[in-house]
Amino acid sequence: MLYELEIARRKQLKARQSDGNLTDQDILNLFDERFPTEQSCLTYLADLQWGRSRQQFKCPRCGCSRYRDLLDTTGLFRCRDCGSHVSPKVGTLFQDSKLTLKQWFLAMWFMAYRSGMSALDLQKLLDVKGYRVAHSLSHKLRLAMAGENNAPLRGETVTIEKAQVEIGRNAVWILIALQETYQHPDNRFTRSSSRFSGRRPIPPYVRLRLIRNEKKDVLAHARQWLNPEITVWTSDKLGHEDWNRICVHRIVDSDTDEHDDHLKEVESVVDDLRHWLRKTYHNHVKPSYLQNYLDEFAFWYNRRYIHPRFDDMFVPTYRWIVFDRLLKKVVQTPPIMYKYIKALAARSWKLLP
């Protein structure tokens, strides 16, 4: 994978990306160097699926591990027992897509470098005729990012708060869970590790959930993130809910408690979210799809490594690592049809309390 490249190649990528001011042409040149052809994309996907030595290959039909590599000619593998042809796209979001694998990779590459792209920008980038194709592609990628935002938290303490965000003329409420000490999903170091102190800090780990009404209880939305071993800190306005049924609950006292800083950090996350929606999507987000965008923001935010030379919230040192993480999410996600995306968005919006 890209993060497993030889040291010389990794140093070259770091040097080219460390200026933080890459133009679209620079990003495109980096992509063409790594994935010049459709064949290179297929090989890279096969390496991710079955390893470079193909030791993890198994025929989905008969379970045989013996194969004949036909990637150079047909882009497939042929099982030596039953003779069936197997594509590395099978069982992933790439399956049955009319877009080429290089177009998918290019969309993910630019989304990783920009931390999100609108469907209109993707349409121009990929040079596709229909807006629906780019819209479907962008939301499929966001659904691939969503699994992490729904997974339970694994730390000891978490701060939960809700905040209001304006999307166009609509004011919506968002539930935010912020975890200060955690095991980062992309490495074996915790946030408090001395390796990152001072030189390259990592932000807190966040989860976001859309709620429609400020007056509704939020415990039902947050309980899927919690377990009995977690201590939850909230402000007074969430203190009336029965959190102790699920976990240990504490209320922040702004006059004496140090966890008041955590609430301030929640406000910082909300400001970053507003800035990201305004800068990337110009606040042109449909309320029914807003949860998809929150899942995307959580994916980018939890992987941002703040470069000491820049103040921008999404200028990490190694964007090519983020591309690999996104690709792994896509490979682990089964095929999704566009009509399912629309139905899911409409249903989720109607069922909001």
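Welcome to a predicted model, where local features need pLDDT of at least 70, side-chain atom pairs count only at pLDDT 80 or more, and totals for chains, interfaces and linings use all residues. Residues are numbered from 1 along each chain as its sequence is written, and side-chain values use heavy atoms, leaving out hydrogens and water.

- The structure holds 17 aromatic pairs (Phe, Tyr or Trp rings, the six-membered one for Trp, with centres within 6.5 Å; planes under 30 degrees apart are stacked, over 60 edge-to-face, the rest tilted).
- Phe-31 and Phe-35 make a tilted pair, because their ring centres are 5.5 Å apart and their planes stand at 45°.
- Tyr-44 and Phe-105 pair edge-to-face, at 6.3 Å centre to centre and 80° between the planes.
- This second pair links distant parts of the chain, with Tyr-44 in helix 3 and Phe-105 in helix 4, 61 residues apart (helices are DSSP runs of H or I, at least four residues, and strands are runs of E, at least two, numbered from the N terminus).

**Helix 5**
- Ala-119, Leu-122, Gln-123 and Leu-126 of helix 5 are buried (under 20% relative accessible area; exposed is over 50%, partly exposed in between; 1.4 Å probe, protein chains only).
- Just after helix 5, Asp-127 takes a positive phi of about 55°.

**Leu-277**
- Leu-277 lies in helix 8 and is buried, with a relative accessible area of 1%.
- Its C-alpha atom is separated by 8.5 Å from that of Ile-167, 110 residues apart along the chain.
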